[in-house]
Amino acid sequence: MAIKKGIEQAKKNLIKLNVKGSTIPHQVLGRYGSAQVLLKPASEGTGVIAGGPVRKVMQVAGIHNVLTKSIGTSNPHNVVKATFAALLGLKDIAHVAETRSKTVEEISGKPPKEKAATSEGV
């Protein structure tokens, strides 16, 4: 019965992450109490550069390439909560573009495909 209750509670607390391939889309700082965790995107093949509690969270979340720095307290409980706060602070580029009333191309700084094709032909 206890295991069943635990599984039901865990299913209620699932979160959806915004990831870009095997890394995070942008740099983010998570805070909880006096713990701060800085997460930075990393290129493919970098791996998880993190301390103990943050490394475990990243591995469970399925993020394979990330640079992290734990600032402040070394209390593992607070560091894990700060890591979750950082992961919840990640924003999807489509959502940011929608809130700013712009296109994804304008936000990302990449030219649209039609304009890129015409500028190459000139």
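This briefing describes the fold of one protein chain and then several of its residues. The structure is a predicted model, in which local features need pLDDT of at least 70 and side-chain atom pairs count only at pLDDT 80 or more, while totals for chains, interfaces and linings use all residues. Residues are numbered from 1 along each chain as its sequence is written, and side-chain values use heavy atoms, with hydrogens and water left out.

**Overall fold**

- The chain contains six helices and four strands; helices (H or I, at least four residues) and strands (E, at least two) are DSSP runs, numbered from the N terminus.
- Along the sequence, these elements follow the pattern α-β-β-β-α-β-α-α-α-α.
- Of the 122 residues in the chain, 23% are buried; buried means under 20% relative accessible area, exposed over 50%, and partly exposed in between (1.4 Å probe, protein chains only).
- The chain exposes about 8700 Å², and carbon and sulfur atoms supply 56% of this area; accessible areas come from the Shrake-Rupley method with a 1.4 Å probe, and for residues only the protein chains shown count as cover.
- Among contacts between residues at least 6 apart in sequence, 55% join residues at least 24 apart; a contact means heavy atoms within 4.5 Å.

**Packing of helices H2 and H3**

- Helix H2 (residues 52–61) packs against H3 at an angle of about 40 degrees, with the two axes 9 Å apart. Axes are lines fitted to C-alpha atoms, for helices over the stretch in contact, and angles run from 0 to 180 degrees between N-to-C directions.
- That angle makes H2 oblique to H3; angles under 35 degrees count as roughly parallel, over 145 as roughly antiparallel, 65 to 115 as roughly perpendicular and the rest as oblique.
- H2 contributes Pro53, Val54, Val57 and Met58 to the contact, and H3 contributes Pro76, Val79, Val80, Thr83, Phe84 and Leu87.
- These residues divide into nine nonpolar, one polar and no charged. Ala, Val, Leu, Ile, Met, Phe, Trp, Tyr, Cys and Pro count as nonpolar, Asp, Glu, Lys and Arg as charged, and the others, Gly among them, as polar.

**Asparagine 78, in helix H3**

- Asparagine 78 belongs to helix H3 (residues 76–88).
- Its relative accessibility is 18%, so asparagine 78 counts as buried.
- Beyond its neighbours within four places in sequence, asparagine 78 is in contact with Tyr32, Ala35 and Thr73.

**Leucine 67, in strand E4**

- Leucine 67 lies in strand E4 (residues 66–72).
- Leucine 67 is partly exposed because its relative accessible area is 32%.
- Not counting residues up to four places away in sequence, leucine 67 touches Leu38, Leu39, Lys40, Pro41, Ala42, Thr46 and Ile49.
- Leucine 67 and alanine 50 are 17 residues apart along the chain, and their C-alpha atoms are separated by 6.6 Å.

**Two residues in loops**

- Glycine 89 is found in the loop between H3 and H4; with 29% relative accessibility, glycine 89 counts as partly exposed.
- Glycine 89 is in contact with His26 and Val28, leaving aside its neighbours within four places in sequence.
- Glycine 89 and histidine 26 are 63 residues apart in sequence, and their C-alpha atoms are 10.0 Å apart in space.
- Serine 101 occupies the loop between helix H4 (93–99) and helix H5 (104–108); its relative accessibility is 68%, so serine 101 counts as exposed.
- Most residues other than glycine have a negative phi. Serine 101 is not a glycine, yet it has a positive phi of about 60 degrees.
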